[in-house]
Amino acid sequence: MASSLISRHFALSLQKNLWLSAPGCRYVSKAAPKTQVEFDYDGPSMKTSVPGPRSEELTKQLGDIQNVGAVNFFCNYDESRGNYLVDVDGNRMLDIYTQISSIPIGYNHPALLKLMSNPNNLSTLVNRPALGILPPENFPEKLTESLLSVAPSGMSRVQTMACGSCSNENAFKAMFIWYRNKERGHNTPSDEDLSSCMINQVPGCPELSILSFMGAFHGRTMGCLATTHSKAIHKLDVPSFDWPIAPFPKLQYPLEEFTRENAQEEARCLEEVEDLIVKWRQKGKPVAGIVIEPIQAEGGDNHASPDFFKSLRNIARKHGCAFHVDEVQTGGGNTGKLWAHEHWGMDDPADIVSFSKKLLTGGYYHKDELQADKAYRIFNTWMGDPTKNLLLAEVLNVIRRENLLEEVTRSGKALQNGLHELQAQYPGLLSRARGQGTFCAIDICDDATRSSILLKARDKGVLLGGCGDRSIRFRPALVFKEYHVHIFLNIFNDVLAQHK
C-alpha cells in the first residue's frame, strides 16, 4: 500500500511540476510556486557498480600518495548538476548527503557559475590575503552582505575562519579568554600569568574546562576532540583534556506517545549538567563554557525539545558559563530555518554560534563581551577566504529569491511522511523516523544491515550517509524538491524490499 502510494505521489508530482526539455535534463516549471527556472537532471543513471573501474584506478594512484581509506569514489564535478553528483565512470547519483551536508544550493548552480566568471572577481580568486593583518578594501562590505545579513539574534560580531573545527577551536579560546578576564576583573595578565603560560603551567594556562555532551561531534583538532564523543576512531590514541561530559537526552519515538517519559529524560540530563558544573568547580577546573549542537548530527541525529535548550541556556547563565551553539552542520537552512536554534523561539539563544559547511566559510558569531581583548589572541594566517564570502552572499540571494527555506519545509514534510510510511511497511527494518525540515534520519535494525542498504542505494543511484550506531541521515541541498523526494522514496523502497 505504501509503495503504491509513493509511486502515485511521484507520478502526480511529475505531471504537476515538471516539463521535459533536452533528453537527460529537466526544468522546473515557471508555474511552480515561487521558484526560478533551474537546470537539473531527470534522475539517476548508473553505468557501472560504484566505485567503477576508473575510480578504482585513481584510488590506487592516490593510495601511493596518502591514506585513501575514507575515499568512496572519484567525482566528475564538471558534469554534476543540481542535486546530482556524477562520478568519473559516468554514474549519475541523486545526492542526499551533499559532501556531509556542505552543498547549499546544489552542484554548479548557474548563479554561482556566473559570479565566478565575473572578471571583477578575479583578484579575489587569485589573491588569498591574510585577513587578520591585510584585509581587502571591500571586506567589511562583503561581510555585511553575507554573514552579518543572517546573524543570529542578539549578535552583530563575526569572526571568520576556514572550517568547522578551527571555528570551534577558536570559539573555545574566546570563551576561556572571556572567563579569565572575568575572574581577574580586568584584562591585564600578571607577570606570573605571562611566564607560566610559556611552560604550560597555571595560572597562565588555567585549569578551565568546556562541558560537552555524549554523542557530540565538534571537530577533530586537539581541543575539539575533548568535546567530541561520537565515534572512538576520532579520538583513539590522542591525548585529551579532563573535561565534563553530560548525557544528551535519548528521546523515545513517536514523540507524542512518550511526552512524559521524554520530559523526565530531559530533566535527568539537565540535572546532571548542573551536578557536573558543581563537581568540576570543586575539582578546581571550573566550566568556562557549554557547547552543544541543536541536533547531534554525527552522533546519530539526536534531538531534544526547545524547552531542553532553553533550560540549558538558563543553567549556563546561572553558573556564569558561556553558551556555545555549534551550528556547523545544522546551520544553513536544512531545518527550514537558516539556524536550527531559531526553532527554540529565544531572543537571546547563545553567546557564541559557530558555523561552516553550508555557510561555505567558517567562523563564529559572538556577543560583544567575547571579543578578543588583544591582537593575535584569535588569529591564524588566513582566517577565512574572501572568495567564500562572495559565494555565500550569492547563495543567500538565491535562498531569498527562490524562497528555498519554504521549499525545504515542503520537501521535508514529504520526506518525513514518506519515511514514516516506509517505517510502517518495514517495521523489522526501520524505526525512529525523525527530523526538522529535510534534516532527517531513520534507524536501521543493525549496523550491518545499514551498511548493506547504503551500498545498495548507491548502486541504484542514491547517495546517503550514516550517523550514530545505526542511523541513516539525509542531508540534501536546499534545492531538493518534492519530486526529488519521490524519486528517492521509490528507489529506497526497492532497496528495502530486497531486505524484507
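Predicted model: local features only at pLDDT ≥ 70, side-chain atom pairs only at ≥ 80, totals over all residues.
Let me start with the rings: F213, F248, F308, F309 and W344 form one aromatic cluster, where rings of Phe, Tyr and Trp (for Trp, its six-membered ring) pair if their centres lie within 6.5 Å, and where planes under 30 degrees apart count as stacked, over 60 as edge-to-face and the rest as tilted. Residues are numbered from 1 along each chain as its sequence is written, and side-chain values use heavy atoms, with hydrogens and water left out.

A pair of aromatic rings is described by the distance of the centres and the angle of the planes. Searching the whole structure gives 17 aromatic pairs. One of these is Y41 with Y84, an edge-to-face arrangement at 6.2 Å centre to centre, with 85° between the planes. This pair links distant parts of the chain, since Y41 belongs to strand β3 (residues 39–41) and Y84 to strand β4 (residues 84–86), 43 residues apart; helices (H or I, at least four residues) and strands (E, at least two) are DSSP runs, numbered from the N terminus. Are these two tyrosines buried or exposed? Y41 counts as buried because its relative accessibility is 9%, and Y84 counts as buried at 0%, the terms being buried for under 20% relative accessible area, exposed for over 50%, and partly exposed in between, with a 1.4 Å probe and protein chains only.

A second pair to look at is W339 with Y365, which is also edge-to-face, at 5.7 Å centre to centre and 85° between the planes. Here W339 lies in the loop between β10 (322–326) and β11 (352–355), whereas Y365 is in strand β12 (residues 362–366), so the pair ties together parts that are 26 residues apart in sequence. W339 and Y365 are both buried.

Let me turn to the charged side chains. The search of the whole structure finds 28 salt bridges, a salt bridge being a side-chain nitrogen of Lys or Arg within 4 Å of a carboxyl oxygen of Asp or Glu. In one of them, E57 meets R54 at 3.0 Å, N to O, and both residues lie in helix α2 (residues 53–63), 3 residues apart, which is about one turn of the helix. E57 is partly exposed at 41% relative accessibility, and R54 is partly exposed at 35%.

Why are R450 and D447 separated by about one helical turn? Because they are 3 residues apart in helix α15 (residues 447–459). R450 counts as buried at 9% relative accessibility, whereas D447 counts as partly exposed at 40%. Elsewhere, salt bridges that share partners join R313, R317, D348, D351 and K367 into one network.

K283 is partly exposed at 40% relative accessible area, and D242 is partly exposed at 37%. K283 also lies over the face of W280, at 3.9 Å from the ring centre, where a charge sits over a ring if NZ of Lys or CZ of Arg is within 6 Å of the ring centre and within 35 degrees of the ring normal. R475 lies over the face of F439, at 3.5 Å from the ring centre.

Next, a glycine. G164 is found in helix α7 (residues 164–184) and counts as buried, with 13% relative accessibility. Which residues does G164 contact, leaving aside its neighbours within four places in sequence? They are V328 and S356, contact meaning heavy atoms within 4.5 Å. The C-alpha atoms of G164 and G362 are separated by 5.8 Å, although these residues are 198 apart along the chain.

Finally, the surface. L122, L125 and V126 form a nonpolar patch with about 280 Å² of accessible area together; patches are made of residues with over 30% relative accessible area and no salt bridge, like charges being joined within 9 Å and nonpolar side chains (Val, Leu, Ile, Met, Phe, Trp, Tyr) within 5 Å. Accessible areas come from the Shrake-Rupley method with a 1.4 Å probe, and for residues only the protein chains shown count as cover. L122 is found in helix α5 (residues 122–126) and is partly exposed, with a relative accessible area of 46%.
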